[in-house]
Amino acid sequence: MLNRRHLLGLAAGAAGLGLIIDPARAAKQATAKQVASKAGGIDPADFGVRPGATDDQSKAFAKMLKTASDGNQPILLPPGTYIVSELVLPPRVRLAGIAGATRLIHGGGGAFIRGENADHIAFSGLMFDGAKQYLGEGVSGLLDLRSVKALVIDDCQVNAASKNGIALQRAAGRIERCTVTGAADAGIWSVDAAGLSISANAIDDCGNGGILVHRWQIGEDSTMVSGNRITRIGARNGGTGQNGNGINVFRAGGVLISNNIVSDCAFSAIRANSGSNVQITGNSCLRSGETALYSEFAFEGAAIANNVIDGAANGIAIVNFNEGGRMATCSGNIVRNLSTTGPYPAEVGGFGIGIGVEADTTVTGNVVENAPQCGMQLGWGPYLRNVIATSNVVRKAGIGIAVSVVDGAGPTIIADNVLQDLLHGAIIGKRWAEPVTADLAEIGNAGYEHLTVERNRVS
C-alpha cells in the first residue's frame, strides 16, 4: 500500500532525475490504480483517457472499452469531463463514474454512444451531455442501444439530446434512479423490449414524450414503468395525441404502469394505444392538456385503478370499441377540475368529461368533481355494450351521467350512484352528442330496454 511518505519519497527521487511530479496528482493516480486493482478493473490513465482534456478522446475510449470487454473488467472513470463521439460499444461494458462529477460530452459529428448485439452493458454514476449536437441519420438517441441481453443504467444523467435521450430496441434489463432532461424528442424510448424495468427516474422538459413503450407490431411486452417523476412534456411535433404524453404505450401488451407522478404534459399523463392487458394503477396525473388517462383503439383488457387526476380536458377515456377497444375495470379513481378547452378544437364528443367508457367495462367506486360537460359518458352512438356504472360519486357537473340511447346500444346498468349539484340533469340519454331524454334518475329507463337505471341518489 502506498502512503504519503512513500509518495513524497518518489517525488524527491524524480526531482533528482530532473522530473517534476505533483505529489497530490501522484496520490490521485495511485488511488485510481488501487481502486481499479481492487475492483479487478483497469485504469483509464493507462489508455490515455484523461479527465478535463479538451480534445476528443474517442479512440482512447474505444481501446479502453475493448480491453475491458475482452477481460470482463469494470472501469471507474475519475471525476471530470471527457469529450467523445461515434463511440461504438463492445459486447461487454461496465463503466462507472462519480455521480454528478464524471461527465461525458458529445463532441459532435454524428452518433454519441451506440451499441448493438451486446451481452452486458452497465452504466452507473455518469453524466451524458448531448450538448444539443446533431445525432445523424439512423441514430435514434443520445444513448442508442439495440439487442442488449442485460442492460443496467443506474444513477446517471442524460441531458440535452437532440433526439431521444435513451433509445432502446430489443433490450432487457433496467433503467433506474436516472435523470433525463431536455431531450428534443422523448426522454426514454423503448421498442420491442425483452424484459425491461423503468423505475424511480426523473424526466422533464422533453419535446415530444416522457417514457415511450412501443412495439413495431402488436405483441406482449411486459415492461414495468413504476415510481417515476415526469413533468413538462411538450408536443413539439404536433398531432392529436401521438406526441405530448408523459407515459405512452403503443402496441405493447402486458405493461404495468404504477405509482408514477406525471404533471404538465401537453396531451396525456398516461396514454395506452392498442395495448392489451395494461394495468394503470396508483398514479398521480396533474394538469394534463388533453385526456389525462387513456386506454384506446385495439386493446382487450385494461385495469385502471386508484389514480388521482387533477386538471385535464378529460379525465379517463376507455374507448374506441369501433376499433376493437374493450374489456376494462375502472375503479377507485379520483377525477377533478376538468376543462372544456383542449390542445385542439373540440371534436363532436367535446372536452370536460370525467370518465368515458364504451364496452365490457365496470365503472365503480370512482369520485368525479368539477366536470363541466358530464361526470361520466357511457357509450358513443351504437358503441355501448355491457357497461356497469355503480357506487360512484359525481358532483358539480353539467350532466351527472350521460348514456347512449342510439339504436344498437347494448346492456347497461346505472345503479347506486350519488349525484349532486348538476346543471343539466343527473342521468340523461343521448343520441350521439344530443340530449334526448328527461332525467332518467327520475323516470327510469324511459322505455329503452338496454338500460337498467335504479337506486341512484340525486341531490
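**Close-up views of a predicted model**

**Figure 1. Overall view of the predicted model.** Residues 24 or more positions apart account for 60% of those contacts in the protein that have a separation of 6 or more. The protein contains 40 strands and four helices, and its C-alpha trace spans about 105 × 35 × 35 Å along the principal axes. Of its 459 residues, 53% count as buried.

**Figure 2. Confidence along the chain, with residues 1–32 in close-up.** The mean pLDDT of the protein is 93, and 91% of the residues reach 70 or more. Over residues 1–32, by contrast, the pLDDT is below 50, and this stretch has 15 contacts in the model beyond near neighbours in sequence. Where pLDDT is low, the predicted coordinates should not be read in detail.

**Figure 3. The largest pocket and the strands that line it.** This pocket has a volume of about 980 Å³ and is lined by 42 residues, of which Arg271, Glu290, Tyr294, Glu296 and Asn320 lie nearest its centre. Two or more lining residues come from each of the strands E12 (186–191), E15 (209–220), E18 (245–253), E21 (270–273), E24 (291–296), E27 (314–318) and E30 (353–357). When the lining of the largest pocket is sorted by class, 19 residues are polar, 17 are nonpolar and six are charged.

**Figure 4. Pairing of strands E12, E15 and E18.** Strands E12 and E15 pair in the parallel sense, with five bridges between them, and in this pairing alanine 186 has glycine 209 of E15 as its bridge partner. E15 also runs parallel to E18, to which it is joined by seven bridges; here the bridge partner of leucine 212 is asparagine 248 in E18. E12, E15 and E18 are among the strands that give two or more residues to the lining of the largest pocket. As a guide to reading such a view, in a regular strand the side chains alternate between the two faces of the sheet.

**Figure 5. The largest cavity and its lining residues.** A search of the whole structure finds one cavity of 30 Å³ or more, and about 50 Å³ of space lies in the largest cavity. Its lining is made up of Gln377, Leu378, Gly379, Trp380, Gly381, Ala402, Val403, Ser404, Lys430 and Trp432. The elements that give two or more residues to this lining are strand E32 (367–378) and strand E34 (393–404), and the largest share, three residues, comes from E34. By class, five of the lining residues are nonpolar, four are polar and one is charged. Rolling a probe the size of a water molecule over the atoms shows where empty space is left.

Terms used: Residues numbered from 1 in each chain as written. Predicted model: local features only at pLDDT ≥ 70, side-chain atom pairs only at ≥ 80, totals over all residues. Heavy atoms only, no water. 1 Å grid on protein atoms, 1.4 Å probe; cavity = no way out; pocket = protein on both sides within 12 Å on 5 of 7 lines; lining within 4 Å. Points joined across faces, edges and corners; volume = space filled by probe spheres on them. Nonpolar A, V, L, I, M, F, W, Y, C, P; charged D, E, K, R; others polar. pLDDT = per-residue confidence, 0-100. Contact = heavy atoms within 4.5 Å. Pairing = 2+ DSSP bridges. Buried < 20%, exposed > 50% of the residue type's maximum accessible area, 1.4 Å probe, protein only.
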